[in-house]
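Please take the sequence and the model together, and keep both in view while reading.

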Amino acid sequence: DCLFQITRPGDRIAIRGRQTHTFANPAGLVYTIGAFSAAGGCGTWGMPSEDFTWFPGYRWQVAFCRQCRAHLGWMFSSGTGAFWGLILNHLLFPSEAG
């Protein structure tokens with residue numbers, strides 16, 4: 001854990017009525033993600049893809065930490081907007097840092 005600031009709790013948003021979603025990828029790995037309107041500490045990798053998207057109408061790109069390059073989730077984009085789906089157990093907010 002590099003402790004680089006990725007996002008803030010105040011950037012949490014609801015997508016399809018919920019802030020938290022749990023999904024499995026095609027390999028069977030299960031992720032619990034939170035939806036965020038901003039994630040300044042993230043970069044994206046790859047071309048946007050619709051393959052196996054968890055949010056119909058949205059394309060996804062892998063999201064990673066700009067400092068240590070750890071995989072943190074995905075950025076989802078559509079013709080009308082975008083949001084970050086970040087793996088919650090990969091994030092640490094200042095109040096949780098101990």
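What radius of gyration would a compact globule with 98 residues have, and what does the chain have? The model is a predicted one, and in it the chain has a radius of gyration of 13 Å, which agrees with the value near 13 Å for a compact globule of 98 residues. Taken along the principal axes, the box that the C-alpha atoms fill is roughly 40 × 25 × 25 Å. The chain contains six strands and zero helices, so that, read from the N terminus on, the order of elements is β-β-β-β-β-β. Among contacts with a separation of 6 or more, 44% are between residues 24 or more positions apart.

Searching the whole structure gives 10 aromatic pairs. One of these is formed by Phe 23 and Trp 54, which count as stacked because their ring centres are 4.9 Å apart and their planes lie at 10 degrees. Since Phe 23 belongs to strand β1 (residues 20-24) and Trp 54 to the loop between β3 (42-49) and β4 (59-65), this pair ties together parts that are 31 residues apart in sequence. Both Phe 23 and Trp 54 are buried.

Trp 54 also pairs with Trp 74, and here the geometry is edge-to-face, with 4.9 Å from centre to centre and 80 degrees between the planes. Because Trp 74 lies in strand β5 (residues 71-78) while Trp 54 lies in the loop between β3 and β4, the pair ties together parts that are 20 residues apart in sequence. The relative accessibility of Trp 54 is 16%, so Trp 54 counts as buried, and Trp 74, at 9%, counts as buried too. Ring pairs extend to a cluster, which links Phe 23, Tyr 31, Trp 54, Phe 55, Tyr 58, Trp 74, Phe 76 and Phe 83.

Phe 55, one of the members of that cluster, deserves a separate look. Is Phe 55 buried or exposed? Phe 55 has a relative accessible area of 1%, and therefore it is buried; its place is in the loop between β3 and β4. When neighbours within four places in sequence are left aside, the residues in contact with Phe 55 are Ile 15, Arg 16, His 21, Phe 23, Ile 33, Phe 76 and Phe 83. Phe 36, by contrast, is 19 residues from Phe 55 along the chain, and the C-alpha atoms of the two are separated by 14 Å.

The charged side chains come next. Side chains of opposite charge can pair when their charged atoms come close. How many salt bridges does a search of the whole structure find? The search finds two. In one of them Asp 11 is joined to Arg 8, with the closest N and O atoms 3.1 Å apart. Asp 11 sits in the segment before β1 and, at 9% relative accessibility, counts as buried, whereas Arg 8, at 47%, counts as partly exposed. Not counting residues up to four places away in sequence, Asp 11 touches Ala 35, Phe 36, Ser 37 and Ala 38. The other salt bridge brings together the side chains of Arg 59 and Glu 50, at 3.5 Å from N to O. Arg 59 is partly exposed, with a relative accessible area of 41%, and Glu 50, with 52%, is exposed.

Cys 2 is partly exposed, with a relative accessible area of 30%. Cys 68 is likewise in no disulfide, its nearest cysteine sulfur being that of Cys 2, at 3.7 Å, and Cys 68 is partly exposed, with a relative accessible area of 39%.

Notes: Residues numbered from 1 in each chain as written. Predicted model: local features only at pLDDT ≥ 70, side-chain atom pairs only at ≥ 80, totals over all residues. Heavy atoms only, no water. Salt bridge = Lys/Arg side-chain N within 4 Å of Asp/Glu carboxyl O. Buried < 20%, exposed > 50% of the residue type's maximum accessible area, 1.4 Å probe, protein only. Phe/Tyr/Trp six-rings, centres within 6.5 Å; stacked < 30°, edge-to-face > 60°. Helix = DSSP H or I, 4+ residues; strand = E, 2+ residues; numbered from the N terminus. Rg over C-alpha atoms; globule rule 2.2 N^0.38 Å. Contact = heavy atoms within 4.5 Å. Disulfide = S-S within 2.5 Å.
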